[in-house]
Amino acid sequence: MVTSSVPRLVIAAPSSGSGKTTVATGLMAAFAARGLAVSPHKVGPDYIDPGYHALATGRVGRNLDAYLCGPELVGPLFLHGARGCDIAVVEGVMGLYDGAAGEGELASTAHVAKLLRAPVVLVVDASSQSRSVAALVHGFASWDPEVRVGGVILNKVGSDRHEALLREALESAGVPVLGVLRRVDQVSTPSRHLGLVPVAERQGAAVEAVAAMAEQVRVGCDLEALVELARSAGVVAGAAWDAGEVLGSSPPPPLPVPSLGAAPPDPRFRPEGPRPQAPDGLSTAALGSKVRIAVAGGAAFTFSYAEHSELLAAAGAEVVVFDPLRDEQLPDGTRGLVIGGGFPEVYASELSANERLRKAVGELALSGVPVAAECAGLLYLCRELDGQPMCGVLDATARMGERLTLGYRDAVALSDSVLAVAGTRMRGHEFHRTVVEPGAGGAPAWGVRAPERRVEGFVERGVHASYLHTHWASEPGVARRFVERCRTS
C-alpha cells in the first residue's frame with residue numbers, strides 16, 4: 001500500500017458561474033510562479049478547463065470523474081497526476097453538491113473532495129449580497145459533515161465598504177475568508193455554445209487571461225494561508241494509476257448484450273454494478289515493435305484525456321499528433337487513427353478545404369485500418385457537416401442543431417469493434433449541439449440505457465464512431481485491443 005500526503009485543495013462554489021475557473025487557474029499559476037510544482041485537476045468530464053490549467057502550471061491537466069471512471073479510480077488517478085508535485089489544485093464542477101443526475105452525490109465535487117480527503121475552498125459570487133453570505137456559507141459548510149470547507153474566497157466584490165460588510169457577516173459563520181477578488185474584466189474568458197473557448201483556439205489571448213487570473217489571485221488571496229490549508233489534507237492511500245501496470249492485468253469476461261426494448265431494470269447497469277474491461281486475451285509483453293497511431297489535434301480537435309495516449313503508448317503504440325486544419329497528409333506509417341472531440345463545426349470550412357487530408361483519412365478508413373472517433377471525430381467522418389464535404393467514411397450527414405445534448409450515459413457495446421467486444425459496458429458523456437442523421441448504422445456502436453433507451457454510433461470495417469466520450473482508464477483493455485488491431489490490420 002502506497003500513501004501520499006501531497007498538499008491539495010479543492011476549489012468549489014455554490015453554483016456554476018461563481019468564479020471557480022478564475023480562482024483555480026489563478027491559484028495554479030500563482031503557486032507555479034512561486035516555484036512550486038503544481039498538479040492541476042478538474043472534477044468531471046470537462047476538457048476545456050484542463051487546457052487553461054496546463055497553461056498555468058506547465059503540466060498536463062487531468063480529470064477526476066467518479067462517474068466515468070468509478071470512485072475507486074479517483075485516488076489512483078490523482079496520485080498518478082500529482083506524482084512528484086509540491087501541491088495540487090482541484091477545480092470542482094457545478095455547485096459543490098451537484099453530481100450525476102439521479103445518482104445522489106456520485107461524481108459531485110463534494111464526493112471527489114471526500115475521496116481525496118481534501119479541504120474545500122468555497123468561491124462565492126458576492127456581487128448581489130452582503131449579510132446573506134453568512135447564511136449561504138454556513139449552509140454549505142454544515143450540509144455534509146464529511147466535507148470540510150476550510151475557507152471562502154469572495155468573488156466580484158464591488159468596493160471596500162462591500163468587502164467590510166461581507167467580512168463582518170462571515171465572522172459568525174466560522175469559515176475564514178482566504179481571499180477577496182474585485183470585478184476585473186480582463187480575467188473573463190470568452191465562451192460560446194458549449195462553454196469556454198479552448199486554449200488552443202485563443203493562443204496569446206489565453207496566456208494573457210491566465211496571467212491576469214494569477215495576478216488577481218496573488219493580490220487578493222492569502223497564498224500562505226491557502227498553502228497551510230492544503231497541507232492539512234488527509235493521507236490518500238493506494239497505488240498511483242500506471243498505464244503499463246493496468247494493461248498487464250487479466251480482464252474479466254464481458255457482460256451479455258442486453259435488449260434495449262421494454263425490460264425490467266438490470267442490476268448490472270447500476271453505478272455499483274460490475275465494471276468489466278474489454279477482453280481480448282492480449283498481453284503487452286507479446287506486442288513486439290511499436291505501431292504508429294495518429295491522434296488528431298489542433299484547434300478543431302482539442303478534447304482528449306491524457307490517459308488515452310498513455311495507455312496507447314503502454315500497449316505498444318507510437319503516438320503521433322497531427323492537425324487536420326494544417327496537415328495535408330497523415331503521419332507516415334500510420335496504422336491507426338484516433339479522432340477525439342472538439343469543435344469541427346466552428347472550422348467546417350477549413351476542414352473541408354483540406355481535401356487532400358480528407359481523402360487520405362477516407363482511404364485509410366476504407367482500407368480497414370482501425371479508426372476510433374468520438375463526437376467531433378464522428379462529424380469529421382460523415383459525408384458532410386453543415387453542407388461542407390467531410391471525409392465521407394460514414395453514410396451520414398451532420399448539422400448544427402437547436403438543442404444542447406449534455407449528460408452522463410450508461411452504455412453497452414452492441415457490436416464487436418476495434419475498441420471492444422459486444423457486451424462491454426462503459427460509462428460515457430455526451431456534450432454537443434450537433435445532429436447526425438442517421439444516428440446509428442446497421443451495426444450500432446452503443447446501446448444507451450439512460451436518459452432514454454436508444455442505439456447510437458457506427459461500427460463499420462475498422463471504424464468505431466460515436467458521440468459518446470469515454471475515459472479509457474476505466475476500461476484499459478480498450479487501448480490494448482485497439483493497438484493490437486492496428487498491428488494486425
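User: Before we look at anything, what does "buried" mean here?

Analyst: Buried means under 20% relative accessible area, while exposed means over 50% and partly exposed lies in between, with a 1.4 Å probe and protein chains only. This is a predicted model, in which local features need pLDDT of at least 70 and side-chain atom pairs count only at pLDDT 80 or more, whereas totals for chains, interfaces and linings use all residues. Residues are numbered from 1 along each chain as its sequence is written, and side-chain values use heavy atoms, with hydrogens and water left out.

User: What do β6, helix α5 and β7 make together?

Analyst: With helix α5 (residues 132–143), the strands β6 and β7 make a right-handed β-α-β unit. Right-handed means that, with the strands pointing away from the viewer, the path from the first strand over the helix to the second runs clockwise.

User: Switching to helix α1, what should its length be?

Analyst: The expected span of a helix is 1.5 Å times one less than its number of residues. For the 14 residues of α1 (residues 20–33) that gives 20 Å, and the end C-alpha atoms are 20 Å apart, which agrees.

User: Is α1 buried or exposed?

Analyst: Of its 14 residues, 12 are buried, so α1 is largely enclosed by the rest of the structure; among them are K20, G26 and F31. Just after α1, G35 takes a positive phi of about 90 degrees.

User: Last one: where is V320, and what does it touch?

Analyst: V320 lies in strand β13 (residues 317–322) and counts as buried at 19% relative accessibility. Leaving aside residues up to four places away in sequence, V320 touches R292, I293, A294, V295 and P331, where contact means heavy atoms within 4.5 Å. V295 is 25 residues from V320 in sequence, yet their C-alpha atoms are 6.0 Å apart in space.

Notes
Helices (H or I, at least four residues) and strands (E, at least two) are DSSP runs, numbered from the N terminus.
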